[in-house]
Amino acid sequence: MSLPDGPKLPALLQTLSLIADPTGFLETCSQRYGDPFTLRVLGVNSPPVIFFSHPDAVQAIFTTLSSRFELGKVTHIFRPLTGDRSLIMQDGSRHQKQRQLLMPALHGEGLYRCGSLISHISRTTQPHGSLVSVQDWMLEISLETILRVVFGLQPGARYQELKSRLQRLLERINSPLYSLQFFLPPLQQNWGAWSPWGQFLQLRQQIDDLLYAEIRERRDQGNQGTDILSLLIAARDEAGTPMDDTELRDQLMTLLLLGHETTASGLTWAFYWLYRHPDVLERLHQELDALGPDPDPLTLAQQPYLTAVCKEALRVYPIALIAQPRRVREPIELAGYQFEPGAVLVPCVYLAHRRPETYPEPLQFRPERFLSSKSAYEYFPFGGGNRSCIGMALALFEMKLVLATLLRTYEFEPAAGFQPLRRPARRGITFVPPRSVQLRIIGLRMAANDEAVLAHP
Ligand code: HEM
């Protein structure tokens, strides 16, 4: 049986089109070939890559067919950073076991206890000056959140050292040279401290030393904390076995890599849309102001319009254009086609979020769409099924608390970069508004408890 239709360009040209203009190329293919469509991208044997956005197909991929897939080598590019023991490097039962170990730490009680800390970080992580690059500010807040809420570090010498080294590492992996080295393992040559890969390895070693020292200290002190690292140290699998230090390190780096830029980018989009739509901003302010001077974090996070704003921001331009590609392991039938082992199926978040059947006038920013619920196969910014994002609850909680705290604390006006976008920019593995999106702080609104904020601007 034949594959869904798709462009006849050579695989190299299709790959370059995807790299150069991913959103434009996906839109063109969907208009020209419908749903699903097949691309050929460069890789081992250039397997067919089939993009799906219809909710029925997405549902089948996430649920009934999920055991017939493997991730293959799709995530291998992250290995130098996350290590072999990371959740994203596993498949099958080992993957499910690791998820069961990690999930409790990122959900429920433990997570909600972090609310006050996230609000505190939002109030006290101040921008430099009154003209603010939203993306930079959100990256700073999100890194502080990972360090304190996930790694459980207290401000001090190790905290500062780890923060500055992680910032250097994250900047480095966003550079074009490093991206190339990530994708082409033969370029990963350690020719000493002057070679780019040698510098990367050195930086990674310094970060590892700090992380291992923290884990050791925690164990020595009886591991009393309520942060995510403490919960992971305390976690046991069915056989009662804890994670060893290497696995803890690999999971921490995974949470940093997948949780930092993603959440910061989601927040940046939310600001971008709010300051392009004064009516939406006004309605959100009304909801937040009605809560009085000092609402608890859980109450804030339960506000329906705030929730809808965050969800709509993750719909129009999803941070990840696609869920992780699933490689077919056993022949399957889907959407009237037969797919053989080796074919790669991709649930396309970007196109699914733009289906006019589900979202009338899909390019318009309308949080009201999310005042009633959407199916998990029409709206899936965090992917779905057994490989869905394990940080979803934390990311949404953090987005709502940071947004609410900053909007309640500061009076902003849009300064630059709020014109309609032709296409989002790529930053690492995420899609973001251009860095030129800037806000000006023109005053303080409700003074918060933290004294630090009163000193500003
Ligand atoms: C707005 C923020 C975020 C977005 C949009 C996002 C999106 C995604 C998506 C689309 C996937 C792939 C899911 C699939 O293939 O079905 C994913 C996986 C993952 N995410 Fe997130 N993510 C966000 C924040 C976070 C945070 C805060 C963390 C952790 C602290 C995190 C950790 C992970 C991990 C570990 C996986 C791999 C799961 C697995 O393979 O089992 N993410 N994320």
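Below is a short chat about this structure, which is a predicted model.

Q: What is the mean pLDDT of the protein?
A: The mean pLDDT of this predicted model is 91, and 96% of the residues reach 70 or more.

Q: And where is the pLDDT below 50?
A: That is the case over residues 451-457, a stretch which has 10 contacts in the model beyond its near neighbours in sequence. Where pLDDT is low, the predicted coordinates should not be read in detail.

Q: Okay, now the ligand: which residues come nearest?
A: There are 27 residues around the ligand, and of these Gly259, Gln324, Gly383, Cys389 and Gly391 come nearest.

Q: Which helix gives the largest share of that shell?
A: Helix H13 does, with seven residues; H13 spans residues 245-274, and both it and helix H18, residues 392-409, supply at least two residues of the shell.

Q: What is the shell like by class?
A: It is made up of 15 nonpolar residues, 10 polar ones and two charged ones.

Q: Switching topic, where does arginine 440 sit?
A: Arginine 440 lies in strand S12, which covers residues 438-444, and, leaving out residues up to four places away in sequence, it touches Ser130, Leu131, Phe412, Glu413 and Ala415.

Q: Why does arginine 440 count as partly exposed?
A: Because 16 other C-beta atoms lie within 10 Å of arginine 440, and that falls between the 12 or fewer of an exposed residue and the 20 or more of a buried one.

Q: And how far is serine 375 from arginine 440 in space?
A: The two are 38 Å apart, C-alpha to C-alpha, with a separation of 65 residues in sequence.

Note on methods:
Residues are numbered from 1 along each chain as its sequence is written. This is a predicted model: local features need pLDDT of at least 70, side-chain atom pairs count only at pLDDT 80 or more; totals for chains, interfaces and linings use all residues. pLDDT is the predictor's confidence in each residue, from 0 to 100. Two residues are in contact if their C-beta atoms, placed from the backbone, lie within 7 Å. A residue is near a molecule or strand if its C-beta atom, placed from the backbone, lies within 6 Å of it. Helices (H or I, at least four residues) and strands (E, at least two) are DSSP runs, numbered from the N terminus. Ala, Val, Leu, Ile, Met, Phe, Trp, Tyr, Cys and Pro count as nonpolar, Asp, Glu, Lys and Arg as charged, and the others, Gly among them, as polar.
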